[in-house]
Amino acid sequence: MVITTTNPDAEEQLHSTFASRYARAPIPKFKMPEKSIPSEAAYQIINDELALDGTPKLNLASFVTTWMEPECDKLIMASINKNYVDMDEYPVTTELQNRCVNMIAHLFNAPVGATETAVGVATVGSSEAMMLAGLAFKRKWQAKRKLEGKPYDRPNIVTGANVQVCWEKFARYFEVELKEVKLSEGYYVMDPLKAVEMVDENTICVAAILGSTLTGEFENVKLLNELLTKKNKDTGWDTPIHVDAASGGFIAPFLYPDLEWDFRLPLVKSINVSGHKYGLVYPGVGWVVWRSKEDLPDELIFHINYLGSDQPTFTLNFSKGSSQIIGQYYQLIRLGFEGYKNIMENCMENARVLKQGIEKMGRFKIVSKDVGVPLVAFSLKDSSKYTVFQISENLRSG
């Protein structure tokens with residue numbers, strides 16, 4: 001939902017030069033027209049306005065996928081009228097989702113046996129995914145506190161101050177205190193040592209970011225696991241870890257296979273990832289996977305039969321399109337491990353070339369790291385004449 005900032009004038013009219021061949025009269029901007037107009041006119045009016053939007057393929061400030069193969073576009077258009085939640089009517093789509101969950105779980109080294117099914121779900125982007133994971137942690141913590149006869153009304157979560165705004169939304173919407181580790185000059189990710197120091201008996205989990213929005217850097221999940229394991233042993237707590245791999249989840253397995261950040265670390269209980277970022281699918285699709293069934297409380301799963309058969313569901317949303325899920329399955333089987341690896345290596349090489357070019361100018365300081373998401377973040381060495389915001393504005397207008 002977008003909170004509008006428009007001050008609508010009910011009398012303001014919408015004119016379209018190229019639609020005039022179909023409809024001579026303008027239409028109101030903020031009120032439904034009294035009369036119908038030809039389909040050609042409606043198309044032309046909207047198409048003319050959308051021409052003023054940016055071109056997705058030229059969007060250099062986004063991690064989000066802006067192109068897919070024509071074959072996948074066909075699949076997406078063919079399934080655009082399918083409601084994913086109607087599992088009884090579209091069982092094959094549900095099966096494709098389950099296959100994607102299992103492929104992603106194996107990619108993240110989940111302890112899933114050959115005959116076992118991974119635990120996870122498709123979501124509307126990583127924001128919904130991490131909120132589902134956060135809810136699971138909150139409910140598990142509350143249940144444990146109730147059994148121990150202890151207060152369970154003041155849960156908190158520990159993150160770095162570099163987290164994406166969806167974590168702030170989760171904290172506010174679901175009444176969880178957000179304890180942020182402050183960043184320091186030259187170190188723009190969460191410090192595991194400081195994070196563990198902030199953990200107390202009310203901490204439902206520590207959230208680590210694999211691919212910071214600010215710099216693309218990976219946080220040190222392995223060190224966090226080691227420090228938190230020791231604190232849990234000393235205190236008798238069992239504080240877990242969630243990894244927000246929205247940006248890096250489809251990077252690390254292919255570029256840094258030996259980097260331990262995923263379910264190889266015992267305290268990592270859930271991971272979210274964006275399919276519409278380096279998962280190479282149009283927005284918006286996300287994924288959340290859990291280490292095991294024990295990490296997802298049964299009380300959060302609803303069983304509905306509105307549409308025929310029993311359908312277990314765990315989402316914040318209900319109706320949603322199937323096309324992005326089908327697009328994700330297409331990419332996974334079309335590209336395979338080799339294809340994803342080649343694309344990520346190519347993205348990283350592009351980032352290296354861009355970094356070298358920016359460094360040669362001599363005016364900028366590179367703040368992104370070599371290990372992380374393939375992006376280049378930089379700041380001005382001298383801000384006395386221009387600011388980075390002015391440069392950003394000029395790049396956008398160019």
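Helices (H or I, at least four residues) and strands (E, at least two) are DSSP runs, numbered from the N terminus. The model is predicted: local features need pLDDT of at least 70, side-chain atom pairs count only at pLDDT 80 or more, and totals for chains, interfaces and linings use all residues. Residues are numbered from 1 along each chain as its sequence is written, and side-chain values use heavy atoms, without hydrogens and water.

**Terms**
- A pocket is an open set of points on a 1 Å grid over the protein atoms alone, where a 1.4 Å probe fits, with protein on both sides within 12 Å along at least five of seven lines; lining residues have an atom within 4 Å of a point.

**Largest pocket**
- The lining has 46 residues; N59, L60, A61, S62 and L354 lie nearest the centre.
- α9 (323–361), β13 (378–380) and α10 (388–397) each give at least two lining residues.
- α9 gives the most, with 10 residues.
- By class, 29 lining residues are nonpolar (Ala, Val, Leu, Ile, Met, Phe, Trp, Tyr, Cys and Pro), 4 are charged (Asp, Glu, Lys and Arg) and 13 are polar (the others, Gly among them).

**Second largest pocket**
- The second largest pocket has a volume of about 590 Å³.
- It is lined by 26 residues, and N98, V119, G120, I301 and P312 lie nearest its centre.
- Two or more lining residues come from each of α3 (91–107), β3 (119–123) and β11 (311–313).
- α3 supplies the largest share, 5 residues.
- This lining has 13 nonpolar, 10 polar and 3 charged residues.

Terms used. Points joined across faces, edges and corners; volume = space filled by probe spheres on them.
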